[in-house]
Amino acid sequence: MIDEQITESISDKLQSGTPPMMDWRAFADWISVDHSVVHMWLHRAYIPSIKIGRRRLVNLVRLVEQLKGEGE
């Protein structure tokens with residue numbers, strides 16, 4: 001699903017002051033993955049998200065926690 005390189009990139013960026021949530025399209029651009037791939041991850045609930053109004057936001061803090069938990 002999501003490889004270790006992406007996990008490390010997200011973790012590093014979170015430590016540098018990235019917001020804890022972001023729009024899913026911005027997230028796709030941020031990790032350099034096609035929008036359709038991230039949309040599929042959201043549809044299949046591979047990555048944590050929340051819907052606020054019309055926007056779907058990726059919960060980056062929870063995502064990193066989940067990814068770190070899978071490796072243990």
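**Entry 1: Arg25**

I looked up Arg25 and found it partly exposed, with a relative accessible area of 42%. Buried means under 20% relative accessible area, exposed means over 50%, and partly exposed lies in between, with a 1.4 Å probe and protein chains only as cover. Arg25 sits in helix α2, residues 24–30. Helices (H or I, at least four residues) and strands (E, at least two) are DSSP runs, numbered from the N terminus. I also checked Arg25 against Arg56: the two are 31 residues apart in sequence, and their C-alpha atoms are 9.0 Å apart in space.

**Entry 2: the source**

I note that this is a predicted model, in which local features need pLDDT of at least 70 and side-chain atom pairs count only at pLDDT 80 or more, while totals for chains, interfaces and linings use all residues. Residues are numbered from 1 along each chain as its sequence is written, and side-chain values use heavy atoms, with hydrogens and water left out.

**Entry 3: the sheet**

Next I looked up the strand order. Three strands make an open sheet in the order β1-β3-β2, with antiparallel pairing. The edge strands are β1 (21–23) and β2 (49–52), each of which pairs on one side only. From one strand to the next the twist averages 35°, an angle between N-to-C directions of lines fitted to C-alpha atoms, on a scale from 0 to 180 degrees. Two strands pair if DSSP finds at least two bridges between them. Strands of a sheet pair through backbone hydrogen bonds, either parallel or antiparallel.

**Entry 4: β3 and its partners**

I took β1 and β3 (residues 55–59) together: they pair in the antiparallel sense over three bridges. Met21 stands opposite Asn59 of β3. For β2 and β3 I found antiparallel pairing over four bridges, with Ile52 opposite Arg55. These two strands form a hairpin with two residues between them, and Gly53 in the turn has a positive phi of about 65°.

**Entry 5: Asn59**

Is Asn59 buried or exposed? I noted 13% relative accessibility, so Asn59 counts as buried. The side chain of Asn59 reaches the backbone nitrogen of Arg62 at 3.0 Å.

**Entry 6: Ile50**

Ile50 belongs to strand β2. I found it partly exposed, because its relative accessibility is 36%.

Methods: A polar contact is a pair of N or O atoms within 3.5 Å; within protein, one must be able to donate a hydrogen and the other to accept it, and residues adjacent in sequence count only if both atoms are side-chain atoms.
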